[in-house]
Amino acid sequence: QGLSTWQKWYDVSGTPVPVLVPGAELEVLARITADHGGQSWFMIACGDVINEDLDWNILQRSSGDRHHHYMPSNPSIFAWQTGELTKTAGGILAARWDVPASFSCPTRHAVGRWV
């Protein structure tokens with residue numbers, strides 16, 4: 001779903017809706033409650049509703065955020081070992097990805113997903 005579904009939770013929590021700025025970094029914080037380890041990445045697309053038909057862009061990790069959980073063979077991935085985030089980061093995954101400078105949406109609406 002898109003912002004029409006999620007806006008009420010942003011409002012109740014007092015959290016501003018993230019804004020994608022072409023050429024800037026996007027910081028993602030996620031609480032991991034079942035730390036089985038794994039890999040994650042972040043994707044963005046133009047649109048109002050998240051679905052598989054969108055033209056998804058997989059973001060690359062920001063150059064200033066490659067000193068931890070970085071895989072040189074795949075610059076988009078954040079990787080962590082089982083139990084690592086709960087032991088060392090309080091269960092919080094924190095990473096930054098680059099929004100391409102060329103990213104632009106004709107309707108000025110975009111969606112993102114952390115996978």
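Reader: Leaving aside its neighbours within four places in sequence, which residues is Ala94 in contact with?

Author: Ala94 is in contact with Val28, Leu29, Asp65, His68 and Phe78, where contact means heavy atoms within 4.5 Å. This is a predicted model, in which local features need pLDDT of at least 70 and side-chain atom pairs count only at pLDDT 80 or more, while totals for chains, interfaces and linings use all residues. Residues are numbered from 1 along each chain as its sequence is written, and side-chain values use heavy atoms, with hydrogens and water left out.

Reader: Why is Ala94 called partly exposed?

Author: Buried means under 20% relative accessible area and exposed means over 50%, with partly exposed in between (1.4 Å probe, protein chains only); Ala94 has 31% relative accessibility, and therefore counts as partly exposed.

Reader: What makes the link of Cys46 and Cys105 a disulfide?

Author: The term requires a pair of cysteine sulfur atoms within 2.5 Å, and the S to S distance between Cys46 and Cys105 is 2.1 Å, so the pair is a disulfide. A search of the whole structure finds one disulfide.

Reader: Which parts does the pair of Cys46 and Cys105 tie together?

Author: Cys46 lies in strand 3 (residues 42-46) and Cys105 in the loop between strand 7 (92-98) and strand 8 (110-114), so the parts tied together are 59 residues apart in sequence. Strands here are DSSP runs (E, at least two residues), numbered from the N terminus.

Reader: How do you know whether Cys105 is buried or exposed?

Author: Cys105 has 11% relative accessibility and therefore counts as buried, whereas Cys46, at 27%, counts as partly exposed.

Note on methods: Helix = DSSP H or I, 4+ residues; strand = E, 2+ residues; numbered from the N terminus.
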